Amino acid sequence: MPLNRSNPLKWTAIVVRVFLVLFAVTTASEVGRAVLTGGENAWGSLGTQSLVCVSSPNILDVEGNVAEDPQRRKAVEATDGLEVDPYPVEKGVEFFYELPRICKDDSSLGTQLLYQTSRFATELVLLVSILLLDRLIRGVRRENGFDKVVVRRLWFLGVFLMAGTVAASLYTTLVETGLAVSMVAGSIRDVWEMALFGWNVPWAFLLAGLGLVVMSKVVRVGAHMREELEGTV
């Protein structure tokens with residue numbers, strides 16, 4: 001039975017759709033900028049092409065670092081550490097101490113695809129989540145808030161948000177770790193430990209998704225009570 005009071009959700013639907021459009025346009029512009037420039041540009045200039053920048057590994061995790069190599073240590077002391085890399089890197093890779101990050105220009109197409117997909121993985125999950133939210137609101141306006149279909153969509157949205165953001169963050173971490181390993185000229189100790197400590201757990205999205213799942217359980221109880229009430233009447 002359709003809701004008679006669908007107007008209160010009218011403005012909610014409008015706000016969600018406006019936010020969806022803005023988010024989609026912003027994401028599309030970032031993707032377009034990455035395609036046009038050939039990669040992420042760390043300094044905001046269109047002159048740098050195919051630039052890949054990832055967090056640099058810990059100095060002590062890399063064999064041949066400045067603490068283990070007497071010659072590198074002397075070079076650092078002679079230059080005050082401003083022009084010498086703390087550990088060996090591949091040709092074309094540079095350190096940026098302020099961040100600290102290591103960057104490589106003129107990377108291959110495969111490297112760029114990995115890097116760019118890792119950059120926009122979470123944004124893609126969020127875009128799909130907003131689409132699911134818009135679909136959920138349309139279902140509520142068309143049916144009612146205690147319909148079983150609406151409950152299932154609410155539960156699925158929560159689970160998708162949690163699982164999707166965790167998967168996207170893990171993918172980003174693994175890709176960036178792999179790229180960092182490929183830029184270092186030598187072996188890195190405890191690569192998996194490096195990836196684990198570099199993983200940014202999406203706690204905010206996990207909490208939001210959990211809240212939606214809990215809300216779906218509450219609405220399901222309300223739907224069951226409504227059915228019992230209608231059967232009694």
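Mentor: A nonpolar core is a set of buried Ala, Val, Leu, Ile, Met, Phe, Trp, Tyr and Cys residues joined through side-chain atoms within 4.5 Å. Buried means under 20% relative accessible area, exposed over 50%, and partly exposed in between, with a 1.4 Å probe and protein chains only. Keep in mind that this is a predicted model, where local features need pLDDT of at least 70, side-chain atom pairs count only at pLDDT 80 or more, and totals for chains, interfaces and linings use all residues. Residues are numbered from 1 along each chain as its sequence is written, and side-chain values use heavy atoms, leaving out hydrogens and water.

Trainee: What makes up the largest nonpolar core here?

Mentor: That core has 20 residues, and V52, V54, Y87, I102, Y115, L179 and M183 have the most contacts inside it. β1, β2, β3 and α5 each supply at least two of its residues, with the largest share, four residues, coming from α5. Helices (H or I, at least four residues) and strands (E, at least two) are DSSP runs, numbered from the N terminus. The chain has seven helices and three strands.

Trainee: Why is the Y87 and F95 pair called edge-to-face?

Mentor: Rings of Phe, Tyr and Trp (its six-membered ring) pair if their centres lie within 6.5 Å; planes under 30 degrees apart count as stacked, over 60 as edge-to-face and the rest as tilted. For Y87 and F95 the centres are 5.0 Å apart and the planes sit at 75°, so edge-to-face it is. Y87 and F95 are both buried.

Trainee: And what makes F19 and F23 a stacked pair?

Mentor: Their ring centres are 6.2 Å apart, with 25° between the planes, so the pair falls within 6.5 Å and under 30 degrees. F19 and F23 are four residues apart in helix α1, about one helical turn.

Trainee: F19 or F23: which is buried and which partly exposed?

Mentor: F23, at 18% relative accessible area, is buried, whereas F19, at 48%, counts as partly exposed.

Trainee: How do you know that D134 and R17 form a salt bridge?

Mentor: The term asks for a side-chain nitrogen of Lys or Arg within 4 Å of a carboxyl oxygen of Asp or Glu. The closest N and O atoms of D134 and R17 are 2.9 Å apart, so the pair qualifies. D134 lies in helix α4 and R17 in helix α1, so this bridge ties together parts 117 residues apart in sequence. D134 is buried at 9% relative accessibility, while R17 is partly exposed at 39%.

Trainee: What joins R17, D134 and R138 into one network?

Mentor: Salt bridges that share partners do that. R138 and D134 also meet in a salt bridge, 3.3 Å from N to O, and they are four residues apart in helix α4, about one helical turn.

Trainee: Where do the partners of the E68 and R189 bridge lie?

Mentor: The E68 and R189 side chains meet at 2.7 Å, N to O. E68 is in the loop between β1 and α2 and R189 in the loop between α5 and α6, so the pair ties together parts 121 residues apart in sequence.

Trainee: How do you know that the span of helix α4 agrees with expectation?

Mentor: The expected span is 1.5 Å times one less than the number of residues. For the 22 residues of α4 that gives 32 Å, and the end C-alpha atoms are 32 Å apart, so the two agree.
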